[in-house]
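Biologist: I would like a close look at a single part of this model. Please take me through it, with cut-offs as you go.

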Amino acid sequence: MTRLELKNHQVWQDLTEILENLDANILVQEHLNQCDYQVCGYWDEQNKYYETIKLPRNLEAELVSSSIGVTHTERFFQLKFLLIADGADVTQNHNTQKIGELVLVYDDNLEFVDENWLLDVDSPMLEIS
């Protein structure tokens with residue numbers, strides 16, 4: 001029986017190289033610009049609905065994980081980011097605050113497929129309506 005080990009396979013080396021050369025922060029900034037820093041139709045973890053959540057413009061994103069997915073007909077990868085805002089607009093202190101997470105999903109042509117938000121709706125940095 002042949003034993004296949006993926007850990008040394010070229011696909012992992014190629015994927016690692018792609019992710020190292022990918023400016024993930026630019027992907028997040030493009031996405032935030034396209035949605036005009038707003039999340040519309042958001043359901044929180046307590047199943048409460050929010051019509052619109054406006055995000056602060058001073059957001060930075062930190063890539064915390066990446067993964068690939070393969071189905072019978074599709075290949076995709078997803079990038080998970082922490083969303084961090086500078087607290088200078090809200091308080092006199094210049095502290096940063098994690099306001100949520102954003103998962104972006106792209107197909108194998110690097111075309112946007114889906115998004116998933118997990119926001120701290122109690123954060124004073126979010127404008128909620």
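Biologist: What is the volume of the largest pocket?

Modeller: The largest pocket has a volume of about 320 Å³. First, the ground rules. This is a predicted model, so local features need pLDDT of at least 70 and side-chain atom pairs count only at pLDDT 80 or more, while totals for chains, interfaces and linings use all residues. Residues are numbered from 1 along each chain as its sequence is written, and side-chain values use heavy atoms, with hydrogens and water left out.

A pocket here is an open set of points on a 1 Å grid over the protein atoms alone, where a 1.4 Å probe fits, with protein on both sides within 12 Å along at least five of seven lines; lining residues have an atom within 4 Å of a point. The points are joined across faces, edges and corners, and the volume is the space filled by probe spheres set on them.

Now the lining. The largest pocket is lined by 14 residues, and the closest to its centre are Leu15, Ile18, Ile68, Phe77 and Asp108. By class, the lining holds ten nonpolar, one polar and three charged residues. Nonpolar covers Ala, Val, Leu, Ile, Met, Phe, Trp, Tyr, Cys and Pro; charged covers Asp, Glu, Lys and Arg; the others, Gly among them, are polar. The largest share, five residues, comes from α1. At least two lining residues come from each of α1 (10-21), β3 and β4. Helices (H or I, at least four residues) and strands (E, at least two) are DSSP runs, numbered from the N terminus.

Next, the sheet that holds β3 and β4. This open sheet has four strands in the order β3-β4-β5-β6, with antiparallel pairing. β3 and β6 are its edge strands, each with a single partner, so one side of each lacks a neighbour in the sheet. Neighbouring strands are turned by 20 degrees against each other on average, direction ignored. Two strands pair if DSSP finds at least two bridges between them. β4 (residues 75-86) pairs with β5 (residues 96-107) over eleven antiparallel bridges. Gln78 stands opposite Val105 in β5.

Helix α2 (residues 24-34) packs on this sheet, touching β3, β4, β5 and β6, and its direction makes about 95 degrees with that of β5. Contact means heavy atoms within 4.5 Å. Axes are lines fitted to C-alpha atoms, for helices over the stretch in contact, and angles run from 0 to 180 degrees between N-to-C directions.

On to β6. Seven bridges join β5 to β6 in the antiparallel sense. Leu104 has Glu115 in β6 as its bridge partner. The hairpin of β5 and β6 has four residues between the strands, and there Leu110 takes a positive phi near 60 degrees.

Val70 is found in strand β3 (residues 59-70). Leaving out residues up to four places away in sequence, Val70 touches Arg75 and Phe76. Val70 counts as exposed because its relative accessibility is 62%. Ser123 lies in the loop between β6 (112-119) and β7 (127-128). With the same exclusion of residues up to four places away, Ser123 touches Gln97 and Ile99. Ser123 counts as buried because its relative accessibility is 4%. Buried means under 20% relative accessible area, exposed over 50%, partly exposed in between (1.4 Å probe, protein chains only).
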